[in-house]
Amino acid sequence: MLTTNYIELEQEYGAHNYHPLDVVLERASGVWVYDVDGHRYLDCLSAYSALNQGHCHPRILDAMIEQAQTLTLTSRAFRNTQLPQLYEDLHNLTGFDMALPMNSGTEAVETAIKAARKWGAMAKGIPADQAEIIVCTNNFHGRTIAVVSFSSEDQYRQDFGPFLPGFRTIEFGNADALRAAITPNTCAFLVEPIQGEAGILIPPAGYLAECAAICKQHNVLLMCDEIQSGLGRTGKMFAFQHEGIRPDVVMIGKALSGGFYPISAVLSSREVLGLFQPGDHGSTFGGNPLACAIGRAALRVIVDERLCERSAELGPFFLAELKKIQSPAIKTIRGLGLWLAIELNGPARPYCEALKHKGILCKETHGNIIRLAPPLIIEKEDILWAAEHIRAVIESMSPAR
């Protein structure tokens, strides 16, 4: 079938809760993807950073095949050989005492919310049903009812009420607002070190460090959502490391899968995750041996192939090339590591569609922002090629000065 045939099927039988570019992909390797009509594209989205290791990485593929031939699922009613080894790998890599595996990033956030509330009740002594979690404007932590309950994006909330109470919203990047919002019932501050869906919004230098100090002073858990920003995307294993801090709770996902199979995890101390008792929380597929084997291989690739270091080197290079573009259409260009944003003075969708025709796949966010997040295995020559095409597209579509 051709692209139009697949799109017609999707439009007829699928819910219309996405607005994808009209490209139908059928295979991929490394940083390149191929559509059903035989065209090749440079992937500059990486499935929202789930493909930091690139498409179909052979080492992760081998781990998946090997495990799939022996044992794929036990549920947590029984133990398996891969889960304890994933726990050990995560501990050795991050230093956190314990991990709780789930499937999607949103499930990791839900798990962290439950952990924070339980800690608030059992460790901090917050009265029953009174715990509060502070969140930020422009946040994106997923799509569940709990998460959209504290979203500041109107569309994410429209017609989905009633919403879950217990959240207080403050301005992102404003540490004084955090200090002012804390009450005796505050159990946690949930924050993205860099806001991805909002358009790669980077807070002022020192913000996260100040927030960490405020949380410690007031006995509040600092919970960092590193589902997109973690595992090498910003040039360090975790974005919070740029400020030399250590959160109380960290959520990871996306690249933990290497793009092969859903897996996420909450990382924390024994004082927090150790409060869970049998029956408090769970997931049939969470911690399954197939996902764990894939996660272990995905982590090894990040470390062995020095993907954090590659992002730290190639990110500024890509950013510098993009900043050479001269166009009145551009409001600003920003980024950290291989996580970049071109903020425009008008709609970004037409530019993404034009770039598709040039062989580059990227996606708009918040209407006027093009986000760029290629796999961390990308080469310099690919970046130069991409930057030149991006320049040509933006300059050709720019309004007259």
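Trainee: In what order do the 7 strands of the open sheet stand, and what is the pairing?

Mentor: Two strands pair if DSSP finds at least two bridges between them, a strand being a DSSP run (E, at least two residues) numbered from the N terminus. Here the order is 4-10-9-8-7-5-6, and the pairing is mixed. The model is predicted: local features need pLDDT of at least 70 and side-chain atom pairs 80 or more, while totals for chains, interfaces and linings use all residues. Numbering starts from 1 along each chain as its sequence is written, and side-chain values use heavy atoms, without hydrogens or water.

Trainee: Why is one side of strand 4 and of strand 6 left without a neighbour in the sheet?

Mentor: Strand 4 (98-102) and strand 6 (167-170) stand at the edges and have a single partner strand each, so one side of each has no neighbour in the sheet. Neighbouring strands of this sheet are turned by 20 degrees against each other on average, direction ignored; axes are lines fitted to C-alpha atoms, and angles run from 0 to 180 degrees between N-to-C directions.

Trainee: How many bridges join strand 7 to strand 8, and do they run parallel or antiparallel?

Mentor: Strand 7 (residues 186-191) and strand 8 (residues 221-225) are parallel and joined by 4 bridges.

Trainee: Which strands does helix 5 lie across?

Mentor: Read this from contact, meaning heavy atoms within 4.5 Å; a helix is a DSSP run (H or I) of at least four residues. Helix 5 (residues 105-124) lies across strands 4, 5, 6, 7, 8, 9 and 10, at about 155 degrees to strand 7. Helix 9 (residues 207-217) lies across strand 5, strand 7 and strand 8, and runs at about 170 degrees to strand 7.

Trainee: How many residues lie between strand 1 and strand 2 in their hairpin?

Mentor: There are 2 residues between them, and Gly30 in the turn has a positive phi of about 65 degrees. Strand 1 (residues 25-29) and strand 2 (residues 32-35) pair in the antiparallel sense over 4 bridges. Ser29 faces Trp32 of strand 2, the two standing opposite each other.
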